[in-house]
Amino acid sequence: MPAPPTWIYFLLGLLAFGMKFLLQALFSGFAVVGFTNLIFPPGIFPIFPWLFLFFFGLFAYRNNNAINLAAALGSGLLLLVLQQTNFPLDIENKWDMSIGYFLVSCILLFGTFYLLRLIPFPPHPRGLGLLTFLGQNSLLFLYVHFPIILYFKEIHIQNIYTVIFENPYLFWVLTLALTVIVMVILLWLPRSKALTALFSQLPVWLVLVFLVFAVGIYIRNRFFTYYIEIGLGLLIALFYPR
């Protein structure tokens, strides 16, 4: 089956972002923890609008670099025009993604693709093992780093270790290092033939999908909901067919 035209991915990205506003309008005042916040804000990286990054990433990857430059410049120009008209951009609003945050994301995404493609990397560059590892296990990275950040914030680690308070970047260095260590440990699980055989069964995946929604609907404690959903996410990230 031939791949769709590249411009389709751009339209799908815009649609993914636009669906966020439509769903919020349609379901205003209605929320089920672990269900609606999986689909649209408020929530932790809900499908809409965050799916736009997937489609725009495909669009940028499959296009020539001139298109990426044009997309980055176009997003920047639109941002400036809206700013001059006093449009409420709310650029720092990540969790209930604003138009301003969306446009800044577009500038960074397309601009990064453009700039990196200008660098003459060798066919098989060395020293990129960590980036390759994180890219190959990006879904696992998502579900590992998030609870680590929650834990560090819960215990106020910057107050325990003054060096982190004085050098805030160390918070993220520590988070990345611990995330990689935990990922390496967890990746031993798929080596178990018994577990791999278990998660190769369709009924197991149907149960997992059911639990993802059921936990949010039937468990009212937000703390338990977060960590059960993270646990389910880890299982999905470790055993989904690749």
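The structure is a predicted model, in which local features need pLDDT of at least 70 and side-chain atom pairs count only at pLDDT 80 or more, while totals for chains, interfaces and linings use all residues. Residues are numbered from 1 along each chain as its sequence is written, and side-chain values use heavy atoms, with hydrogens and water left out.

The chain holds 13 helices and zero strands, where helices (H or I, at least four residues) and strands (E, at least two) are DSSP runs numbered from the N terminus. Along the principal axes, the C-alpha atoms of the chain fill a box of roughly 55 × 55 × 50 Å.

Helix H7 (residues 138-155) and helix H10 (residues 169-186) have axes that come within 9 Å and cross at roughly 130°, the axes being lines fitted to C-alpha atoms, for helices over the stretch in contact, with angles running from 0 to 180 degrees between N-to-C directions. H7 is therefore oblique to H10, given that angles under 35 degrees count as roughly parallel, over 145 as roughly antiparallel, 65 to 115 as roughly perpendicular and the rest as oblique. In the contact (heavy atoms within 4.5 Å), the residues of H7 include Phe141, Ile148 and Phe152, and those of H10 include Leu174, Leu178 and Val182. The residues of this contact of H7 with H10 divide into 14 nonpolar, three polar and one charged, where Ala, Val, Leu, Ile, Met, Phe, Trp, Tyr, Cys and Pro count as nonpolar, Asp, Glu, Lys and Arg as charged, and the others, Gly among them, as polar.

Among the residues in contact are Trp205, Leu208 and Gly216 of H12, together with Ile228, Glu229 and Phe239 of H13. The contact of H12 with H13 comprises ten nonpolar, two polar and one charged residue.

The second largest pocket holds about 230 Å³ of space; on a 1 Å grid over the protein atoms alone, a pocket is an open set of points where a 1.4 Å probe fits, with protein on both sides within 12 Å along at least five of seven lines, and lining residues have an atom within 4 Å of a point. The volume is the space filled by probe spheres set on the points, which are joined across faces, edges and corners. H7 gives the most to this lining, with five residues, and the lining as a whole includes His145, Lys153 and Trp172. His145 and Lys153 of H7 and Trp172 of H10 also belong to the contact between these two helices.
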